[in-house]
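Let's take a walk through this structure together. Have a look at the sequence and the fold first, and then we'll go piece by piece.

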Amino acid sequence: MPPKKSADQKPGSSSQRGEDAPHQSLDAKRLLELRGEELERFESFRRSAIPKPQMKKLLHAVTGQVPDVNSIIVMCGVAKLLVGDIVEHAKKIATEDGHHGPLRESDIRRAYAQHLRNTKLPLGRSSRKKLL
């Protein structure tokens with residue numbers, strides 16, 4: 001029988017912290033080093049999420065099948081990482097152009113175009129290859 005969780009313990013957390021402790025302490029150290037704008041960006045990133053109903057519609061349109069809950073959650077996570085990479089690259093582009101402030105649409109478009117050129121997946125390329 002699994003151990004009972006106390007009322008103050010979060011769902012999904014384990015009462016045994018043995019193997020996770022070193023990993024968590026490294027993350028905690030990194031979080032303590034964040035200051036000002038970096039900390040605000042991190043908090044915003046943690047609160048953000050790709051809406052699951054829209055992801056379900058997209059997956060259904062692409063695959064022609066109703067996706068299960070786990071695949072929706074995974075694809076929302078992958079999409080969040082993709083958006084984060086594009087925004088990070090757009091910030092670098094804006095800084096190189098000497099622009100400091102909110103990202104411009106042109107910076108995001110350039111970052112997305114560069115991401116498509118650098119990807120190993122057959123996305124957005126003129127000579128599409130069939131996967132199968």
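In which helix is the place of Thr63? Thr63 has its place in helix α3. Before going further, keep in mind that this is a predicted model, in which local features need pLDDT of at least 70, side-chain atom pairs count only at pLDDT 80 or more, and totals for chains, interfaces and linings use all residues. Residues are numbered from 1 along each chain as its sequence is written, and side-chain values use heavy atoms, with hydrogens and water left out.

Back to Thr63. It is partly exposed, with a relative accessible area of 48%; buried here means under 20% relative accessible area, exposed means over 50%, and partly exposed is in between (1.4 Å probe, protein chains only). The side chain of Thr63 reaches the backbone oxygen of Leu59 at 2.7 Å and that of Gln65 at 3.2 Å.

Now zoom out. The chain has five helices and zero strands, so from the N terminus on the pattern is simply α-α-α-α-α. Helices (H or I, at least four residues) and strands (E, at least two) are DSSP runs, numbered from the N terminus. Of the 132 residues in the chain, 12% are buried. The accessible surface comes to about 11600 Å², and 58% of it belongs to carbon and sulfur atoms; these areas come from the Shrake-Rupley method with a 1.4 Å probe, and for residues only the protein chains shown count as cover. Take the contacts (heavy atoms within 4.5 Å) between residues at least 6 apart in sequence: 25% of them join residues at least 24 apart.

What about the inside? The largest nonpolar core is made up of five residues, Met55, Leu59, Ile72, Cys76 and Ala79. Such a core is a set of buried Ala, Val, Leu, Ile, Met, Phe, Trp, Tyr and Cys residues joined through side-chain atoms within 4.5 Å. Helices α3 (52–63) and α4 (69–96) each give two or more residues to this core, with the largest share, three residues, coming from α4. Leaving aside residues up to four places away in sequence, Cys76 touches Ile50, Pro51, Lys52 and Met55. Ser71 also lies in helix α4 and is partly exposed at 26%; its C-alpha atom is separated by 9.8 Å from that of Met55, 16 residues apart along the chain.

Next, the open spaces. The largest pocket has a volume of about 690 Å³, and it is lined by 20 residues, of which Arg41, Phe42, Phe45, Gly84 and Glu88 lie nearest its centre. Helices α1 (21–33), α2 (36–47) and α4 each give two or more residues to the lining, and the largest share, eight residues, comes from α4. On a 1 Å grid over the protein atoms alone, a pocket is an open set of points where a 1.4 Å probe fits, with protein on both sides within 12 Å along at least five of seven lines; lining residues have an atom within 4 Å of a point. Points are joined across faces, edges and corners, and the volume is the space filled by probe spheres set on them.

Finally, is Asp107 buried or exposed? Asp107, in helix α5 (residues 105–118), counts as buried because its relative accessibility is 1%. Not counting residues up to four places away in sequence, Asp107 touches Ala90, Ile93, Ala94, Asp97 and His99. Tyr112 is also found in helix α5, but is partly exposed at 43%. Tyr112 and Ile86 are 26 residues apart in sequence and 6.0 Å apart in space, C-alpha to C-alpha.

Conventions: Polar contact = N/O pair within 3.5 Å; in protein donor to acceptor, adjacent residues only side chain to side chain.
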